[in-house]
Amino acid sequence: MPVQVRRLLLVFAVFIGLMLVLKYFLTPESWREYGPYRGNALLEIAEKEAKYVEMETCAMCHDSIAEIKTQGNHKSIQCEICHGPGYKHADDPENNKMELYQGRQFCLRCHTKNAASPKNIIKQIDAVEHNEGEECITCHNPHQP
Amino acid sequence: MNKYESLYEALANLDGFIYPNEIALNWDLLIVMYPYITGLVAGAFILASLNRVFAIKALRPTYEISLLTALSFMLVATMPLISHLGQPLRFYEMLITPHLTSAMAIFGFVYLWYLMVVLLLEIWFDYRYDMVIWSQQKKGFMKFFYKALSLWVSDTSKESRKTDEKLGYFITVIGIPSAFLLHGYVGFIFGSIKANPWWSTVMMPVIFLFSAMVSGIALVMFIYMAVSYLRKMKIDMNALDTIAKYLFYILILDFTLESLDQIHRIYEADESFDILKLLVRSKLFFTFFIMQIGTGTLIPITTLGFLQFKKPREKIRKILYLIISICVLVGIFYMRWNVVIGGQLFSKSFYGFTSYKVNLIGGSDVSLSLLWFIVPFFILAFLLWLLPPWKKHAADI
Amino acid sequence: MSIEKDDFSRRDFIKSSGMFAGGLVLVSLLNPLKLVFATKKPVGKGKWYGVGIDIEKCIGCGSCARACKIENDVPKEPFFFRNWIEQYTITNDGQIIVSSPNGGIDGFKQPVPDEEIYKTFFVPKMCNHCAKSPCTQVCPVGASFESPEGLALVDQNYCIGCGYCVQACPYGCRYINPEKGVVDKCTLCYHRLEKGLDPACMMACPTGARLYGDLNDKESALSVFIKENNCAVLKPQLNTGSKLFYNALSQEVH
């Protein structure tokens with residue numbers, strides 16, 4: 001074999017060997033555990049803290065309000081949709097308060113008249129005609145509308 | 001926020017409806033540079049192979065210049081990609097744990113193959129004898145450097161030169177399909193995205209390949225003229241005329257293929273056609289009709305065609321070739337722009353457009369793109385100093 | 001020329017480096033340390049998640065998009081979304097108006113008066129968690145993958161931020177998080193599913209327009225929903241295996 005070819009084969013063997021060594025050391029652990037990805041990624045994604053705690057957790061302390069809510073039209077609505085995420089409050093109720101009523105615009109997000117919104121699903125009002133400027137909770141109890 | 005200023009501007013310039021996440025163009029100018037640079041590599045190499053494999057002797061004066069140009073741009077080819085990554089330090093993951101169904105992952109290996117096995121080897125075989133002679137003539141660090149470059153193979157016999165010649169020819173023969181693979185692959189990276197109808201066509205790899213060849217040949221034409229001027233060497237007009245002839249032929253092929261793609265699209269007029277028609281006519285009017293087709297294709301084709309029949313004086317031809325090569329280089333850049341940027345300007349909902357403005361002053365994508373385009377010229381200057389083609393010893397085998 | 005002496009020492013060096021390289025190659029192929037780790041059981045437990053959306057029940061309140069942004073720390077600026085709502089208005093003279101102001105988080109306004117409207121509805125959008133997802137196909141490093149339960153997830157500690165998956169998603173569900181430089185998308189609140197909670201958007205919907213469930217379980221709410229309604233997926237011609245089933249999907253929706 002000519003000397004050039006021998007020398008080149010050696011150089012390529014070294015290069016490929018280097019690549020394989022790097023591949024061994026740099027491939028992350030848990031690679032290909034379930035498929036062509038890092039298996040640990042599933043655990044890392046699952047570790048994230050949940051911010052919304054859902055109605056059952058709220059009802060553990062606020063049972064009277066939960067009871068009232070089950071009798072009105074808002075019974076299927078999660079508390080946290082209006083009051084914001086509850087994870088901080090559930091951990092430390094004294095120091096972390098939830099949001100309360102946020103004004104007329106907040107209720108109108110759902111209840112404003114819009115032709116695309118199915119009339120059989122939700123009651124809609126015209127924001128201009130229906131007591132413009134008044135706060136909704138003056139007349140309506142949000143927990144039992 | 002200054003960082004997001006461009007996004008707010010795009011939001012103000014919305015046309016119709018886009019999916020909310022489409023407001024940001026993820027593949028910006030840097031991703032336009034990447035197929036442009038790899039295309040220059042493939043094209044320059046094809047010109048070199050025209051001489052080596054297809055025995056077009058008129059191109060001999062440009063053989064080494066083509067190869068060294070290809071190498072200079074090849075070394076920089078991945079830099080626009082790495083600069084663009086959201087996490088550039090993790091780029092090695094593509095080589096260590098490539099996801100084999102991804103065209104981009106396979107490209108890492110196609111790139112390595114082409115760089116190591118084709119380009120470097122061909123240049124090595126062509127220059128090995130000269131590097132040994134130069135190592136004997138120089139002293140000190142340069143002596144060691146040339147010895148190292150020749151991999152300490154100091155054989156200068158006639159047989160070894162014959163082996164070099166044979167192996168170099170063999171590598172060039174492999175190199176031609178490899179060059180096709182290199183740039184066809186880039187086309188495939190775009191052409192395989194079924195989500196984007198502007199990109200998703202079978203013709204994409206072919207179009208990319210032929211426009212790459214056109215740009216590479218124009219680049220070598222330009223560099224040959226520039227280097228000869230800077231070194232005050234006489235230009236071999238036969239070589240230049242032959243380059244122009246091949247540029248003309250491949251331009252015709254490229255134009256035919258691109259026209260075929262567009263005509264097919266217009267004739268079939270599937271569901272994406274209405275938004276794409278608006279895209280080309282309004283958003284891409286300047287870059288498509290005036291720059292890519294007008295400046296980049298029609299002007300060069302008509303001029304070169306005219307030159308095939310009537311050859312004016314040498315001086316006029318040189319000026320024409322200079323202008324044409326620049327026109328083609330600019331035109332092919334805009335072709336890449338139209339594909340990459342154009343494909344992101346319209347919404348996948350087919351209901352609207354977003355916008356993209358290049359910040360000519362202070363935009364990081366502009367400065368990086370310019371950098372990665374200019375650096376290869378410096379590398380080429382270094383290579384031409386290190387491995388001067390005009391100081392090569394005649395191949396008297 | 002003292003070739004023999006040079007060659008001998010050079011040959012030695014080449015031999016020893018060759019053996020060293022060969023040894024390294026062998027070691028890397030054997031991979032002894034892998035045998036020490038025990039394989040964990042896949043967390044899928046045989047589930048195959050899908051999503052259902054009932055367009056006839058969506059009121060366009062934006063609670064789902066709002067809850068998702070809060071739950072998943074989606075950057076409020078500059079306005080990327082893991083899910084959003086679109087309002088389609090088809091006028092009497094055939095014009096199609098589509099809008100999604102801030103993703104629908106603040107609710108919608110009617111674009112034209114009632115008399116001019118032929119047809120109008122809301123369409124919530126989110127990741128379709130495709131079974132044959134083009135986004136996982138094109139990821140060059142395997143950071144975008146399909147979990148054993150059929151969810152398309154992103155390994156943000158491995159993603160290089162190339163944006164190929166963003167280009168490949170036909171539904172526009174992905175975006176590059178400007179602060180982290182990696183790709184972000186809907187995970188069907190995988191972190192909540194593991195804790196036995198519902199995804200934020202499902203929990204937030206006041207009318208029950210959104211549901212999710214196990215497609216393998218033919219008694220699940222989702223399977224019943226698909227059985228009892230005429231469901232369709234977005235862009236079926238692209239064969240993405242989309243697992244987001246819409247009831248009453250109109251042909252103007254892309």
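What share of the 397 residues in chain B is buried? I find that buried residues make up 48% of chain B. I call a residue buried if 20 or more other C-beta atoms, placed from the backbone, lie within 10 Å of its own, exposed if 12 or fewer, and partly exposed in between.

The model is predicted, so I note that local features need pLDDT of at least 70 and side-chain atom pairs count only at pLDDT 80 or more, while totals for chains, interfaces and linings use all residues. Residues are numbered from 1 along each chain as its sequence is written, and chains are lettered from A and ligands numbered from 1 in the order in which they are written.

**Chain B**

I looked up the elements of chain B and found 15 helices and two strands. Helices (H or I, at least four residues) and strands (E, at least two) are DSSP runs, numbered from the N terminus. The radius of gyration of chain B is 22 Å, close to the 21 Å of the globule rule for 397 residues, so chain B is as compact as a globular protein of that length. The radius is taken over C-alpha atoms, and the rule is 2.2 Å times the number of residues to the power 0.38. Along the principal axes, the C-alpha atoms of chain B fill a box of roughly 70 × 55 × 40 Å.

**Contact of chains A and B**

I counted eleven residues from chain A and twelve residues from chain B in the contact. Two residues are in contact if their C-beta atoms, placed from the backbone, lie within 7 Å.

**Chain C, helix 2**

Chain C has seven helices and eleven strands. I checked helix 2 (residues 63-71) of chain C and found eight of its nine residues buried, among them C:Cys64, C:Ala67 and C:Glu71. The buried residues pack against helix 5 (79-83) of chain A. Within chain C they pack against strand 2 (84-91), strand 4 (117-125), helix 6 (200-204) and strand 9 (210-214). Just after helix 2 of chain C, C:Asp73 takes a positive phi of about 55°.

**Chain C, sheet**

I then followed the open sheet of chain C, where three strands run in the order 3-2-4 with antiparallel pairing. Strand 3 (96-99) and strand 4 of chain C stand at the edges with a single partner strand each, so one side of each is left without a neighbour in the sheet. Two strands pair if DSSP finds at least two bridges between them. Strand 2 and strand 4 of chain C are joined by eight bridges, and C:Gln87 stands opposite C:Phe122 in strand 4 of chain C.
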